[in-house]
Number of protein chains: 2
Amino acid sequence: MNVKVVSRILEANDRIAGENAGILRQKGIYSINLMGAPGAGKTSILERLIPALNGKRKTGVIEGDIAGTEDAERINSLGVPVVQINTGGACHLDANMIREVLPELPLDGIDILIIENVGNLVCPAEFDVGEDMKAMVLSVAEGHDKPLKYPLMFQKSSALIINKIDLLPHVGADLARIRKDALALNPRLKIFEVSSRTGEGFDSLTEWLSGLR
Amino acid sequence: MNVKVVSRILEANDRIAGENAGILRQKGIYSINLMGAPGAGKTSILERLIPALNGKRKTGVIEGDIAGTEDAERINSLGVPVVQINTGGACHLDANMIREVLPELPLDGIDILIIENVGNLVCPAEFDVGEDMKAMVLSVAEGHDKPLKYPLMFQKSSALIINKIDLLPHVGADLARIRKDALALNPRLKIFEVSSRTGEGFDSLTEWLSGLR
């Protein structure tokens, strides 16, 4: 019974995700579903990336949180279009939520749409929202055991952004092990190492993102 | 329709949680549902706490993860009884999972049962498993905005263990703001500040835990 209900929910979600993808493609928008644990630094990464992309690609952002508008306010102060979704209690964004807010964005003026999911290493990976690509952020402060403990997100993501590398001298995380275990789960995973605090590593991430179409 | 299904799931869960609570009470076991984001340091805290409690209270542990047995192996090496639950894909433990594994533990030899939930700041707070108390771990590396973004877990927890305070000089987190926002959500929240890396703050946490009955 439970499984049947879940499967119907996922089928309905996939149908709406397909419709979202059609709308975004028609507008020439490349969309990224950005996932990661709470506090991995998803919004801080956008605060570095969006100004760096400025002049190359026009960005728009959908912020997903259980509650609050703090992330949307941070993005809004960068001068790009942003909409905040408050899921109430849901631990992930789904395609229907994205469909509801797409009309709130000036889609004709957006080249890259970044959808920042709710902070969670599990459920966001299970729900497509119509994106071209899933990407995930992992902070080195979370430790090197995350690929083995949360494999689905690493398998579903096209890019892994390892953040807070400035903390490496102060935490016990083994960067080589993160890379090895993540690539074992997903050999085509594109891996970036950055620090949203110092700005290290953002040049190659920006260059890669600005080439996505 | 969705809401009805969820409500039936939660009702069934609460009934089983009540049965678990009855079994644990009968054995004189105090149980703690330990929650927190991935990489907050839940297992590392147990690696400090369990040896410190040794001689005062006998501990047992249930480890919850999507996949893998790394956490249970770490606890096993401390010489206390431990069972690993692999949820497969579920982002939280539920009462039925706990009921399934209780017979695997030597309940007559346990005073405090610590149930380490799946790393997730959202769903674990929604499912009682029969515990006497919920407690949560928050790493300062996750930033100070978590109470406002994930309010339910702060509201449901009796204790907040703020971990990795050794990283405070290297991250931008405002400890006073965490305390203020968490207490605004839950004025009775008991707050501890610790570093599982240096051992700082564990004396008062251990003293408090060893007094729980």
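**Strand 6 of chain B**

Modeller: Both faces of strand 6 of chain B are covered: B:A159, B:I161 and B:N163 on one side, and B:L160 and B:I162 on the other, are all buried. Buried means 20 or more other C-beta atoms within 10 Å of the residue's own; exposed means 12 or fewer, partly exposed is in between, and C-beta atoms are placed from the backbone. Strands (E, at least two residues) and helices (H or I, at least four) are DSSP runs, numbered from the N terminus.

This is a predicted model: local features need pLDDT of at least 70, side-chain atom pairs count only at pLDDT 80 or more, and totals for chains, interfaces and linings use all residues. Residues are numbered from 1 along each chain as its sequence is written, while chains are lettered from A and ligands numbered from 1 in the order in which they are written.

Now its partners. Strands pair if DSSP finds at least two bridges between them. Strand 5 (residues 133–139) of chain B runs parallel to strand 6 of chain B, joined by 5 bridges. There, B:A135 stands opposite B:A159. Strand 7 (residues 190–193) of chain B also pairs with strand 6 of chain B in the parallel sense, over 4 bridges. In that pairing B:L160 faces B:I191.

Next, the two chains. A rotation of 180° with 0.0 Å of shift along its axis superposes chain A on chain B, with an RMSD of 0.0 Å. In chain A, the C-alpha nearest the axis belongs to A:N120, 2.9 Å from it.

At the interface, 31 residues of chain A are in contact with 31 of chain B. Contact means C-beta atoms, placed from the backbone, within 7 Å. Helix 5 (146–149) and helix 6 (151–156) of chain A are the elements that give two or more residues to chain A's side. Helix 5 of chain A gives the largest share, 3 residues. 100% of the interface residues of chain A are also interface residues in chain B, so the copies meet through the same surface.

How values were computed. Two residues are in contact if their C-beta atoms, placed from the backbone, lie within 7 Å. Copies are superposed by least squares on the C-alpha atoms of residues with pLDDT of at least 70 in both.
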